[in-house]
Amino acid sequence: MITLNPLRWGKQYDSLDFNDVVHFDTGEPIARIGTVGGGIVGRDMRVAHKAREALLEVPTNELLQMCRKAAELFEKETLPVGDSQQTVDDFIHQQSASTGLPEHMCRSNMTKNSFVLSNMEQILDCLTRGLDLSILSNGYGEEGRGVTVSYQAQTPILGAILPNNSPGVHTLWLPAIPMQIGLALKPGSQEPWTPYRMVSAFIEAGVPSAAFGLYPGGHDAGGAIMAKTARSMIFGSAQTVAQHAGNPKVQPHGPGFSKILLGDDIVDDWEMFLDVMVESVLSNSGRSCINCSGIWASRHTKEIAAAIAERIGPVDVRPPSDPDAQLAAFTVPAMATGTHAMVQQDLAESGVTDMTAEYGEKLIEREHCAYLRPMVIHADSPDRGVASKEYMFPFVSVVECPQEQMLSRIGTTLVGTVITSDEKFIQDASRCVDIDRLNIGPLPTNRLNWLQPHEGNIIEFLFANRAYQIAPMPAAANV
């Protein structure tokens, strides 16, 4: 059984307390993680400046080369992780066993993380709009049109409280290293595998180990990271996002409430876009904030909902090693039963119909875990409560709403796919402040363009643009 110890700025720490990581289906321990308390985290944060200093010793072009090497190591090679040598297959099996994700989804998320690392130079070029990265290192530089620009790092490190069930979100903190910002990470108790393997890949690729802190532990460890770092990100519920709203030190990531809007000009041909809708709902077992939770149209909504239900309603539980498995387990059964109960409350409202009712029981309970099978709900109005819901399984509400009301009624939307050729509707969607990432045309909500910012530009989060003027110094007076 593998043992994962905390990493305190590149140095292994022998913990006195350990937590077990257990198999989602059998309950058997598969790893143990050494934990730290908030006091240790707080002491380490006092010397966090050394993490950035170590990275500043390495030119950015070399760090980008190291990112490409780390991507290859992460995806293809055996790496030292904890007290073991971890193969790629070990990583896939361990991640699947603790998170409940099917193994092919774990491989897909692994590929996604590797892709971002290997293309980091192009990604940063796009996020900075072509800024020379040496300007971030030096604090100022020549923009290229006779103007001195300055970007001041707001923190020596980025703190992150990482989630348990979404391995793909680790792409959000990876750009910190080539920007010479250290990392203080609190791994999720059920998904420590990606941060541990990624940090190992970075170090094996030549990135200074002093740039990394890994702090498994309880809420006090996470609280200390957020309290003691000038910039941190956290992943959680809508309540978590609301708690940190308006705090410039924290970038919260929560539910996406991503949606597809079908324009009046194409809705009569909705069958042409059925594959886009199904992929948006079902991919990654509906676990991502970029999965579609709402499909809005002015007409044909019952037919659309029935067609999606016919495609995903029969999806059933399969073993995690099955390449056709499409459902992830809830490793905490109470989360599944609680979610199921909330959906039943949604269904009790007038004007709401379960279009997947004929496809059998939705809640599948096991001894140590539970599953929720896909659900497609029809709502005859955006006034129905279910129209604004998002759940952690393949769930979508198909909402009937006039096109002219859609953009004012959809609410917060991380990814909005607007399928239309109507120029006015496109213009209105482009001006809609409720949509973060906007897709025009038949693009599934789950297909991201990594050359575009995701939930805020990390450059703008970690660096502040400021005025910077330089005047020549006069020659010293002759004595």
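**Chat about sheets and helix packing**

Modeller: Hi! In this predicted model, three strands make up an open sheet with mixed pairing, in the order 1-5-4.

Biologist: Nice. Which strands stand at the edges?

Modeller: Strand 1 (2-4) and strand 4 (18-22) do; each has a single partner strand, so one side of each has no neighbour in the sheet. From one strand to the next, the twist averages 25 degrees.

Biologist: And do strand 4 and strand 5 run parallel or antiparallel?

Modeller: Antiparallel, with five bridges joining strand 4 to strand 5 (residues 29-34). Phe18, for instance, has Gly34 in strand 5 as its bridge partner.

Biologist: What lies across strand 1, strand 4 and strand 5?

Modeller: That's helix 8 (residues 193-204), running at about 80 degrees to strand 1.

Biologist: Switching to helices: at what angle do helix 3 and helix 6 pack?

Modeller: About 130 degrees, with the axes of helix 3 (residues 60-76) and helix 6 (residues 120-127) 9 Å apart. That angle makes helix 3 oblique to helix 6.

Biologist: Which residues meet there?

Modeller: From helix 3, Leu64, Cys67 and Arg68; from helix 6, Met120, Glu121 and Leu124. The residues of this contact comprise four nonpolar, two charged and no polar.

Biologist: Last topic: what do strand 22, helix 15 and strand 23 make?

Modeller: A right-handed β-α-β unit, with helix 15 spanning residues 423-430. Strand 22 (residues 413-419) and strand 23 (residues 435-440) run parallel, joined by five bridges.

Biologist: Which residue is the bridge partner of Val415?

Modeller: Arg437, in strand 23.

Key. Residues numbered from 1 in each chain as written. Predicted model: local features only at pLDDT ≥ 70, side-chain atom pairs only at ≥ 80, totals over all residues. Heavy atoms only, no water. Axes fitted to C-alpha atoms, helices over the stretch in contact; angles between N-to-C directions. Helix = DSSP H or I, 4+ residues; strand = E, 2+ residues; numbered from the N terminus. Parallel < 35°, antiparallel > 145°, perpendicular 65-115°, else oblique. Contact = heavy atoms within 4.5 Å. Nonpolar A, V, L, I, M, F, W, Y, C, P; charged D, E, K, R; others polar. Pairing = 2+ DSSP bridges. Right-handed = clockwise from strand over helix to strand, strands pointing away.
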